[in-house]
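Subject: Structure handover

Hi,

Here is the structure for you to look over. My notes follow below it.

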2 protein chains.
Amino acid sequence: MTSLPTLSCPLPIMEHTTIQLAHGSGGRLSARLLEQLFLPRFGNPVLNRLEDQAVLDCPAGQRLAFTTDSFVVDPIFFPGGNIGDLAINGTVNDICMSGAMPRYLSASFILEEGLSIGSLHRILVSMEEAAKKAGITIVTGDTKVVNHGSCDKIFINTSGLGFLPIEVQISAANIKPGDKIILSGTIADHGMAIMTSRENLSFQSSIESDSAALNGLVAKMLHVSNEICALRDPTRGGLATTLNEFAAASKVGIQLEDDKVPVAPAVGAACEVLGIDPLYVANEGKLVAVVPAEIAGQMLGAMRRHPLGRQAEIIGTAVDDHPGIVATRTLLGGRRIIDMPVGEQLPRIC
Amino acid sequence: MTSLPTLSCPLPIMEHTTIQLAHGSGGRLSARLLEQLFLPRFGNPVLNRLEDQAVLDCPAGQRLAFTTDSFVVDPIFFPGGNIGDLAINGTVNDICMSGAMPRYLSASFILEEGLSIGSLHRILVSMEEAAKKAGITIVTGDTKVVNHGSCDKIFINTSGLGFLPIEVQISAANIKPGDKIILSGTIADHGMAIMTSRENLSFQSSIESDSAALNGLVAKMLHVSNEICALRDPTRGGLATTLNEFAAASKVGIQLEDDKVPVAPAVGAACEVLGIDPLYVANEGKLVAVVPAEIAGQMLGAMRRHPLGRQAEIIGTAVDDHPGIVATRTLLGGRRIIDMPVGEQLPRIC
């Protein structure tokens, strides 16, 4: 169990210390949970109206990016974060990988009867902080309670909206041979933080999740150039899966320089001990960008000047050769294929 | 157990008959589940791009309605529907209660390891049919798998988007004394269908959920007049909760003519046997509209000409008296207060 940081805002005094089935009834106890726990954290003029939907303005001449993600991570508190900030950052990142600036989020909770109100409060405080940091507003929500044993503590769905200029056209299908692949930093931090905390493994230096909102970094990158071909955050399935998705969608080969892929020493050591390839491990605060070779150097420089891109590296090139396949060179000059993962090495990492 | 109708499209042949943890890995098995089961049902040009977000056009000069709902209903198949069509209809209804026309939905699945692929397929077919009927498109999604025992079969989150003209201003806070309250049909059908199927109770005539998308009815109502004050679908907590929310938000009293509230005979009988007040039981295909008295007759007529409003009735009036309180007259001329429910008579009805 991770030691939990103290909270800036104390738990309100409520008539129950754990979640009751009636908290999900839609009746008086639901209303009280909303008023005492949710609204003090997320309240804003749209949410405070307590309608069943948020009514919002669309900026003229922009397109809309819409995404959804359900979070079922186990444990719900882990080094570097918890299910709450993960749910905010994950959806913010999915929005901004289209080039859109995230604006509005929904938050929908499935709570297990018996969950401690203290844990829920702690999660909500983290969500509030993560939302503030990412500059987004939670405008609509929903809470369900299921009987003890019918879910595992808490699941959170966040769906989100962002807006983007019509000229921004980012897609995994846009990659052309010659394009350069840039990774924003070290890989495998999130997945290994979950794994080591779940298995109670301790390594000399602690491994923390990289959970972070990437919209600031993306804004900086779009400031350098609109000519970003593809952009994706390598979460479940890791960097290997994202690169395979790029290769398949654009029908190009990808030549990966795997010695260029940054891995933190503690994470690398943990992967080695556990026999896990970091290329397949989830990240929650990293992105892979594919850009034309002409702007790769300038883009890399801009990324490195942002706190979330300090360790950015050019890790490969799109090639004509072996379309649909990701490959890396071996020491002997041969070729090793980096395939999609088939099985599941670690369920419930997000 | 309800007998299940035969399906129009057969189950594809897949390498597993039940959900495996690896179906949620983000890797090859996840991709296959998507290609073989999800895309054949929901596929459309936006979803087929398989990006982590949908990029959509905003119609000029309109506002956006955004909502979210997680569905955890137990049992997942019940008379009159299943968790799949319920998840479509519920979110479509939450969008259109703002006066917006629903356009786009997200669908996010939490699947329990071991869930039969056949059940999942059946649910997806119902979602496809419900989406077609409501005229909406599923544009983005997500699938997570949790270990056996960590959730109960399947939970579905749908979030949704619709667009509405700027002049439509519907809110629970808009009600003025004198306004008339119209209910679109019988109450308590959904909740009692779940309860009788869960408890294996059988009544002479079967009780079916009223799960239905109300956007067609709302469009017809807005065609009569834009002057609808408030609109809400009385789901969890039933009609009593919705009326209490109206009274609180608008600071008016509500005088309910409870003998005008339609209840189907089988539903009424079941409520009596079980000692349940139908005013507190969930509906999934009904709406309550509050309109100025001058247009109430015309609105009622228009609603009755729509298949989902045939049994519509004017069931009450907003009053100056007892602000914030919903009351009905007793036979002896006294007043009975219809309060918010405090406890939970039936968890997991939606």
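Contact here means heavy atoms within 4.5 Å. Please keep in mind that this is a predicted model.

Start with the interface. Of the interface residues of chain A, 99% are also interface residues in chain B, so the copies meet through the same surface.

Next, the symmetry. Chain A superposes on chain B by a rotation of 180 degrees, with 0.0 Å of shift along the axis and an RMSD of 0.0 Å. The two copies are therefore related as by a two-fold rotation axis. Cys151(A) has the C-alpha nearest that axis in chain A, at 2.0 Å.

Now the helix packing in chain A. Helix H1 (residues 28-42) packs with helix H3 (residues 117-134) at about 25 degrees, and their axes are 8 Å apart. Angles under 35 degrees count as roughly parallel, so H1(A) is roughly parallel to H3(A). H1(A) contributes Leu33(A), Leu37(A), Phe38(A), Pro40(A), Arg41(A) and Phe42(A) to the contact. From H3(A) come Ile117(A), Leu120(A), His121(A), Leu124(A), Val125(A), Met127(A) and Glu128(A). Ten residues of this contact are nonpolar, one is polar and two are charged.

Last, one residue in chain B. His121(B) is found in helix H3 (residues 117-134) of that chain. Is His121(B) buried or exposed? It is buried, with a relative accessible area of 2%. Leaving aside neighbours within four places in sequence, His121(B) is in contact with Leu7(B), Cys9(B), Pro10(B), Leu11(B), Pro12(B), Leu37(B) and Arg41(B). The C-alpha atoms of His121(B) and Ser30(B) are separated by 15 Å, and the two residues are 91 residues apart along the chain.

Best wishes

Definitions and conventions:
Residues numbered from 1 in each chain as written. Chains lettered and ligands numbered in written order. Predicted model: local features only at pLDDT ≥ 70, side-chain atom pairs only at ≥ 80, totals over all residues. Heavy atoms only, no water. Axes fitted to C-alpha atoms, helices over the stretch in contact; angles between N-to-C directions. Helix = DSSP H or I, 4+ residues; strand = E, 2+ residues; numbered from the N terminus. Parallel < 35°, antiparallel > 145°, perpendicular 65-115°, else oblique. Nonpolar A, V, L, I, M, F, W, Y, C, P; charged D, E, K, R; others polar. Buried < 20%, exposed > 50% of the residue type's maximum accessible area, 1.4 Å probe, protein only. Least-squares fit on C-alpha atoms with pLDDT ≥ 70 in both.
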